[in-house]
Amino acid sequence: MDAAMVDRLATGEGWALLQSLPAYDESTALQLQEKLREAFDSDLVAAAMAQSRLRARAVDKFGDFAAGMLFTPDGLEQATRLSLAARHAHRFAAAGLREVYDLGCGIGADAMAFAGLDLVVRAVDSDAATARIAAINLRHWPSARVTHARADEVRLPLGEAARHLGLWLDPARRVSGVADHRGRTRRVFSLDAISPTWDEVQAFAARTPATGAKLSPSFPHAALPDGAEAQWSSWHGEVLECVVWWGPLASQPGRTAAVCSARATHVVSEADAAPAADEPPLPSVTAIREWLYEPDRAVIRAGLTGALVAAVDGTELGTGVGYVTSPAAYDLPWARRYRVLEAMPLSPKALSRWLRDHGHDRVTIKKRGVTLDADLLRRQLKMTGRGKGGSEATLVVTRVAGAQVALVVTPA
Ligand SMILES: C[S@@+](CC[C@H](N)C(=O)[O-])C[C@H]1O[C@@H](n2cnc3c(N)ncnc32)[C@H](O)[C@@H]1O
């Protein structure tokens with residue numbers, strides 16, 4: 001959708017049409033589109049129907065706000081979930097900042113959260129249609145301003161005017177150009193390929209100390225600048241981002257993990273972790289204790305399994321594996337606990353016998369730290385679920401002292 005069509009959709013007849021559409025229903029969309037073409041031109045109808053479809057998808061991230069917003073497929077895909085955007089905004093507000101320059105604002109999800117906390121928003125986006133959309137999504141906050149510009153064209157305030165200034169960058173991880181059939185473009189992974197690049201982001205942070213930058217969860221630990229904080233955040237178990245915070249926005253330098261859900265947020269940091277050197281590795285599968293713990297993925301991405309080791313007074317099964325065993329039961333909001341029913345070296349024959357003897361005819365396989373074809377193992381175990389009323393077992397296949405092991409566990 002180009003900027004002119006955004007303008008048509010956002011005003012007069014276009015907006016009235018969009019707001020009059022019923023809740024999007026794929027099964028009746030074509031029929032509705034045909035009918036609307038009798039009264040409106042086909043380009044406007046196509047754009048309105050595309051928006052209606054995007055709004056339906058956007059409810060997951062934006063709840064009721066989606067019904068008053070505009071999107072592009074890429075913009076929605078890359079937009080920050082509103083609950084995480086609110087956490088970003090809270091950092092700026094808590095640091096006493098008053099104005100945030102959002103340098104690559106996309107459809108404006110983070111910018112909306114900044115404005116919602118009464119921060120003055122100056123947003124730019126290098127894509128004309130996206131900038132128009134962000135302006136529409138920010139229309140409820142008169143002090144927010146959106147400009148079509150590249151980040152490096154922005155003239156940032158200097159001196160006293162910059163005293164309460166913060167910068168936010170959420171570099172694009174998609175290349176503009178050929179889109180797939182859903183209108184989404186190709187993803188990029190390297191820090192040099194994002195836009196603005198990681199070098200450019202760091203240059204902004206060197207100029208304005210209160211800077212935050214949202215990056216992919218695959219952000220390499222070694223790239224974390226001295227004194228900055230990298231926080232990996234998960235939402236209901238899915239790791240969505242790693243945000244690097246500089247200066248007054250860094251709550252604690254180093255790596256942290258925020259385990260977020262609609263109910264609560266739990267932050268885990270390096271200060272919570274047992275020093276790795278203190279931990280002798282687990283010598284063999286027979287040393288696995290009654291309980292197995294699996295940290296939230298944000299904790300794993302942040303390299304903070306050591307915090308779980310410390311919290312449950314346990315031992316990691318293998319370096320970097322992410323599973324921890326302990327003789328004691330703890331309830332942690334950022335880790336799952338399983339009771340270990342059996343632990344053995346991985347031998348399909350012995351495992352199959354154990355599972356049958358215990359009345360199982362199907363398995364859920366969880367694997368970590370091993371290369372394993374789970375379907376092949378399921379066939380080798382003959383756990384196809386076609387038995388006579390057997391039950392399902394949960395199998396963890398992982399590594400202890402360099403060898404593959406299988407644990408039969410039950411969630412506790
Ligand atoms: C990941 S999206 C931002 C998403 C946004 N934080 C949100 O939550 O809605 C990145 C945006 O940066 C824009 N962009 C890429 N390079 C840019 C540059 N050099 N200057 C300004 N904007 C840029 C892209 O057009 C894209 O809309």
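Helices (H or I, at least four residues) and strands (E, at least two) are taken here as DSSP runs, numbered from the N terminus. The structure is a predicted model, in which local features need pLDDT of at least 70 and side-chain atom pairs count only at pLDDT 80 or more, while totals for chains, interfaces and linings use all residues. Residues are numbered from 1 along each chain as its sequence is written.

The protein contains 13 helices and 18 strands, and its C-alpha atoms fill a box of roughly 70 × 60 × 35 Å along the principal axes. Of its 412 residues, 40% are buried; a residue is buried if 20 or more other C-beta atoms lie within 10 Å of its own, exposed if 12 or fewer, and partly exposed in between, with C-beta atoms placed from the backbone. Two residues are in contact if their C-beta atoms, placed in this way, lie within 7 Å. Among contacts with a separation of 6 or more, 65% join residues 24 or more positions apart.

The interior comes next. Beyond its neighbours within four places in sequence, Val299 contacts residues including Ala257, Val259, Leu308 and Trp334.

Helix α8 (residues 128-137) is largely enclosed by the rest of the structure, because eight of its ten residues are buried. Ala134 is one of these buried residues, as are Arg132 and Asn137. The buried part of α8 packs against α1 (3-10), α5 (73-78), α7 (109-116), β2 (120-125) and β3 (145-148).

Helix α1 can be followed through two of its partners. Axes are lines fitted to C-alpha atoms, for helices over the stretch in contact, and angles run from 0 to 180 degrees between N-to-C directions. Angles under 35 degrees count as roughly parallel, over 145 as roughly antiparallel, 65 to 115 as roughly perpendicular and the rest as oblique. With α8, α1 packs at an angle of about 25 degrees, the axes being 8 Å apart, which means that α1 is roughly parallel to α8. The residues of this contact comprise seven nonpolar, no polar and two charged; Ala, Val, Leu, Ile, Met, Phe, Trp, Tyr, Cys and Pro count as nonpolar, Asp, Glu, Lys and Arg as charged, and the others, Gly among them, as polar. With helix α4 (residues 42-62), the axis of α1 comes within 10 Å and crosses at roughly 80 degrees, so α1 and α4 are roughly perpendicular. Here Met5, Arg8 and Leu9 of α1 meet Asp43, Leu44, Ala47, Ala48 and Gln51 of α4.

The ligand has 22 residues around it, of which Gly104, Gly106, Ala109, Asp170 and Ser195 come nearest; a residue is near a molecule or strand if its C-beta atom, placed from the backbone, lies within 6 Å of it. Both α7 and β2 supply at least two residues each to this shell. Its make-up is nine nonpolar, eight polar and five charged residues.

Finally, Pro333 lies in the loop between β14 (324-326) and β15 (335-345). Pro333 is exposed, because 11 other C-beta atoms lie within 10 Å. Leaving out residues up to four places away in sequence, Pro333 touches Val259, Ala264 and His266.
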